[in-house]
Structure formats: C-alpha cells, structure tokens
Amino acid sequence: MKTDPLLPSNGCYMNYQKVDFKRSAVKPSDFIRDGRVQIVFSGKSNVGKSSVINRVLNRKNFARVGGTPGKTVHINYFLVDETAYFVDLPGYGYAAVSKAERDRWGKLMEQYFAESGLISAGVMIVDGRHKPTADDVTMAQWFQSTGCPLIVCANKCDKVKKSELEGNLQLIRQTLSLDESTIVLAFSAEKGTGCSNLISWIEGIASGKSNG
C-alpha cells in the first residue's frame with residue numbers, strides 16, 4: 001500500500017516496548033497535566049480501538065480487548081517511553097448502556113475536550129466497512145473543536161474489497177466533514193496494514209515535527 005504523502009517520514013525515536021499504565025481518570029481532577037504529549041485514541045464500541053493500540057505497541061493484550069463493551073467511563077493513560085501518553089477513551093455508541101451512563105460519559109468527554117492544552121493529537125478509529133455513525137460525527141466535531149492534528153484510521157479494511165476501499169475512505173471523509181489535510185488511513189489491526197504509517201504520524205506528533 002502506498003504511503004500517504006502527508007505522513008512525516010522521520011524515523012522512530014520512541015521505544016514502544018517501554019510502556020506503562022499510569023491512571024484511569026473518572027473525573028476532571030484525575031486528568032494528567034504534566035506537560036507531556038497526549039495522543040488520544042477514540043472509537044465506538046467494537047470498532048477495534050484496543051486492538052489498534054495493541055498493534056502499535058506490538059503487544060497482544062496491553063489495552064483490554066473483548067469483554068462487555070461500553071461498561072466504563074474511564075479515560076486510561078498509558079505512558080510510552082516516558083515521552084508521550086496514549087490516552088484511551090471509553091468506547092461509545094453501545095446501545096445497552098443506560099442513559100445515566102451515557103450522560104456521565106458525555107459529561108466527562110466534554111470536560112476533557114474543553115480543557116485547553118490537554119490534547120496534543122487525536123487518533124479516531126472508525127469501521128472501514130461502513131459509513132460513520134452519528135456518534136462518530138460527534139466525536140470528529142469534538143476533535144475539530146480543539147484544533148489539534150487528527151488522523152482517522154479506517155479499521156477492518158482487510159474485510160473491504162480492494163475495488164471498494166477508496167470509495168469507503170472518501171465516504172468516511174465526507175461524512176465526518178474532514179478537510180484535505182486530515183489523513184484517512186486504511187488500517188487493519190488484525191493484519192497490520194497501515195500500522196507503520198500510523199506510527200510515523202505519531203512519531204511526528206511526539207517529536208514536534210507534525211504538519212498538523
């Protein structure tokens with residue numbers, strides 16, 4: 001697969017084998033504010049967000065995979081090489097979650113996204129097989145409101161016919177109202193497709209060389 005020309009070409013400088021879970025935030029006072037880069041991963045329940053994180057870290061089960069989706073309102077912080085946080089937001093859009101839980105999740109997200117200086121960049125994971133949901137559109141708007149760099153990973157692209165992939169990526173771009181500077185990356189957490197490109201983008205953010 002051709003590398004997106006918008007992706008930075010710098011080499012890796014972070015050690016992805018050196019990663020530690022630091023904290024679960026359930027309220028704003030729990031947010032980490034130590035000045036390090038925070039790269040935020042988001043996605044609806046069952047889109048494979050944990051699998052994407054595990055693929056980047058080259059770990060099988062570092063970020064939790066499986067279990068009952070949508071049952072946590074925690075924001076989980078993983079520190080990579082003492083350099084940057086991977087911030088794992090709770091999955092959204094799970095129908096079985098109560099209204100009270102959805103409201104609590106929504107309030108926490110609003111507070112997190114509203115606080116200036118926390119989010120360095122966003123990695124938004126969508127299902128590459130389908131049109132993004134209304135919840136996906138809302139999440140994209142939240143990222144856009146921060147003005148931070150955003151990359152959209154169309155996961156499960158290995159399950160899309162090659163003849164349909166480009167059309168799917170364009171539909172994702174249009175539905176999420178993304179400008180041309182925002183990368184929509186064909187990705188497969190299962191096969192590893194797009195992982196080197198995502199890591200290159202993350203490295204650009206962490207080293208301050210991203211073209212945003």
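Asn46 is exposed, at a relative accessible area of 58% (exposed means over 50% relative accessible area, buried under 20%, partly exposed in between, with a 1.4 Å probe and protein chains only). Asn46 sits in the loop that runs between strand S2 (37-43) and helix H1, where helices (H or I, at least four residues) and strands (E, at least two) are DSSP runs numbered from the N terminus. Its phi is near 70 degrees, a positive value in a residue other than glycine. Most residues other than glycine have a negative phi.

Just after H1 comes Asn58, which belongs to the loop between H1 and S3. Asn58 is not a glycine either, yet its phi is positive, at about 60 degrees. Asn58 is also exposed, with a relative accessible area of 61%.

A word on the source of these values. The model is a predicted one, with residues numbered from 1 along each chain as its sequence is written; local features need pLDDT of at least 70, side-chain atom pairs count only at pLDDT 80 or more, and totals for chains, interfaces and linings use all residues. Side-chain values rest on heavy atoms, with hydrogens and water left out.

For the fold as a whole, the tally is five helices and seven strands. Going along the sequence, the elements come in the pattern β-β-α-β-β-α-β-α-β-α-β-α. Of the 212 residues in the protein, 51% are buried. The accessible surface comes to about 10200 Å², and carbon and sulfur atoms account for 47% of that; these areas come from the Shrake-Rupley method with a 1.4 Å probe, and for residues only the protein chains shown count as cover. As for contacts (heavy atoms within 4.5 Å), among those between residues at least 6 apart in sequence, 79% join residues at least 24 apart.

Back to H1 itself, which is mostly covered: seven of its nine residues are buried. The buried ones are Lys49, Ser50, Val52, Ile53, Asn54, Val56 and Leu57. What does H1 meet in H5? On the H1 side, Val52, Arg55 and Val56 are in contact with Cys195, Leu198, Ile199 and Ile202 of H5. That set of residues divides into six nonpolar, no polar and one charged (Ala, Val, Leu, Ile, Met, Phe, Trp, Tyr, Cys and Pro count as nonpolar, Asp, Glu, Lys and Arg as charged, and the others, Gly among them, as polar). An α-helix has 3.6 residues a turn, so residues three or four places apart point the same way.

As for geometry, the axes of H1 (residues 49-57) and H5 (residues 195-206) come within 10 Å and cross at roughly 80 degrees. Axes here are lines fitted to C-alpha atoms, for helices over the stretch in contact, with angles running from 0 to 180 degrees between N-to-C directions. The two helices, H1 and H5, are therefore roughly perpendicular to each other (65 to 115 degrees; under 35 counts as roughly parallel, over 145 as roughly antiparallel, and the rest as oblique).

Asp81 lies between strand S3 (75-80) and strand S4 (84-88), and at 18% relative accessibility Asp81 counts as buried. Leaving out residues up to four places away in sequence, Asp81 touches Tyr13, Met14, Asn15 and Lys18.

Side chains of opposite charge can pair when their charged atoms come close. With a salt bridge taken as a side-chain nitrogen of Lys or Arg within 4 Å of a carboxyl oxygen of Asp or Glu, the count comes to eight. One of them joins Arg129 to Asp127, with the closest N and O atoms 2.8 Å apart. Arg129 is partly exposed at 33% relative accessibility, while Asp127 is buried at 6%. Lys27 pairs with Asp30 at 3.3 Å between the closest N and O atoms. Here Lys27 is partly exposed, with a relative accessible area of 41%, and Asp30 is buried at 16%. In the bridge between Asp158 and Lys159, the closest N and O atoms are 3.5 Å apart. Asp158 is partly exposed at 29%, and Lys159 is partly exposed at 47%. Salt bridges with shared partners also link Asp34, Arg36 and Glu82 into one network.
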